[in-house]
Amino acid sequence: MRFREELVLNIQAPREAVWAAFQDFSSWPSWAKAIKEVSRVGSAWRFRARGQPPVDLVWVAEATERQPPEYLEFRSVPGVPHNLEISGWVRLSEAEDGGTHLELLFEGHPHYDTPLLDKVADLYASVFGEPNKLLKVTFEQFKAHLEEIHRPRELSSAVT
């Protein structure tokens with residue numbers, strides 16, 4: 001089963017902060033409930049996310065084009081063990097309200113070691129909407145995480 005997800009978010013945080021947080025992959029498990037583990041594999045990153053029981057979703061991706069702090073294109077690394085082939089891009093622009101406008105395109109397809117697991121994964125994904133649902137939830141958590149960090153601190157109104 002191939003999937004394609006396009007997301008658009010407005011995040012109340014500066015573009016440079018959104019760019020830095022997006023690329024801080026090792027911190028993703030601390031704020032994204034579905035991301036179990038992220039580790040470095042050479043110049044790429046390996047992600048393990050909760051997927052269809054009993055198999056986690058695993059992808060290894062690297063940047064193919066980078067234009068800080070505006071654009072990042074990525075794809076799966078060939079020849080590295082994983083069960084989710086991906087490609088896509090993220091684009092950040094400054095929003096009129098001072099925040100960041102994020103656009104994301106994420107495409108891919110799961111593949112497993114056996115045809116039986118592939119069929120089970122396709123059935124599960126068609127019923128429960130994985131991995132599209134996982135992606136939407138993760139980026140809503142990303143937005144909440146950044147907005148919590150960058151929320152304006154209210155000054156005390158008590159004057160003596």
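**Close-ups of a predicted model**

**View 1. The whole chain, end to end.** Starting at the N terminus, the elements of the chain run β-α-α-β-β-β-β-β-β-α-α. That comes to four helices and seven strands in what is a predicted model. Of the 160 residues here, 43% count as buried. Take the contacts between residues at least 6 apart in sequence: 53% of them join residues at least 24 apart.

**View 2. Inside the largest nonpolar core.** This core has 36 residues. Look for Trp-28, Trp-59, Leu-102, Phe-139 and Phe-142, the ones with the most contacts inside it. Helix H4, residues 132-149, gives the most to this core, with five residues. As a rule, nonpolar side chains in soluble globular proteins tend to be buried together.

**View 3. Zooming in on Leu-102.** Leaving aside residues up to four places away in sequence, who does Leu-102 touch, and which of them are there to find? Leu-7, Val-8, Leu-9 and Ile-11 are among them, along with Val-18.

**View 4. The largest pocket.** About 450 Å³ of space lies in this pocket, and 27 residues line it. Nearest its centre sit Phe-22, Phe-25, Trp-28, Phe-47 and Trp-59. Elements that give two or more residues to the lining include helix H1 (15-23), strand S4 (57-67), strand S7 (100-110) and H4. By type, the lining divides into 20 nonpolar, four polar and three charged residues.

Definitions and conventions: Residues are numbered from 1 along each chain as its sequence is written. This is a predicted model: local features need pLDDT of at least 70, side-chain atom pairs count only at pLDDT 80 or more; totals for chains, interfaces and linings use all residues. Side-chain values use heavy atoms; hydrogens and water are left out. A nonpolar core is a set of buried Ala, Val, Leu, Ile, Met, Phe, Trp, Tyr and Cys residues joined through side-chain atoms within 4.5 Å. Buried means under 20% relative accessible area, exposed over 50%, partly exposed in between (1.4 Å probe, protein chains only). Contact means heavy atoms within 4.5 Å. On a 1 Å grid over the protein atoms alone, a cavity is a set of points where a 1.4 Å probe fits but cannot get out, and a pocket is an open set with protein on both sides within 12 Å along at least five of seven lines; lining residues have an atom within 4 Å of a point. Grid points are joined across faces, edges and corners, and a volume is the space filled by probe spheres set on the points. Ala, Val, Leu, Ile, Met, Phe, Trp, Tyr, Cys and Pro count as nonpolar, Asp, Glu, Lys and Arg as charged, and the others, Gly among them, as polar.
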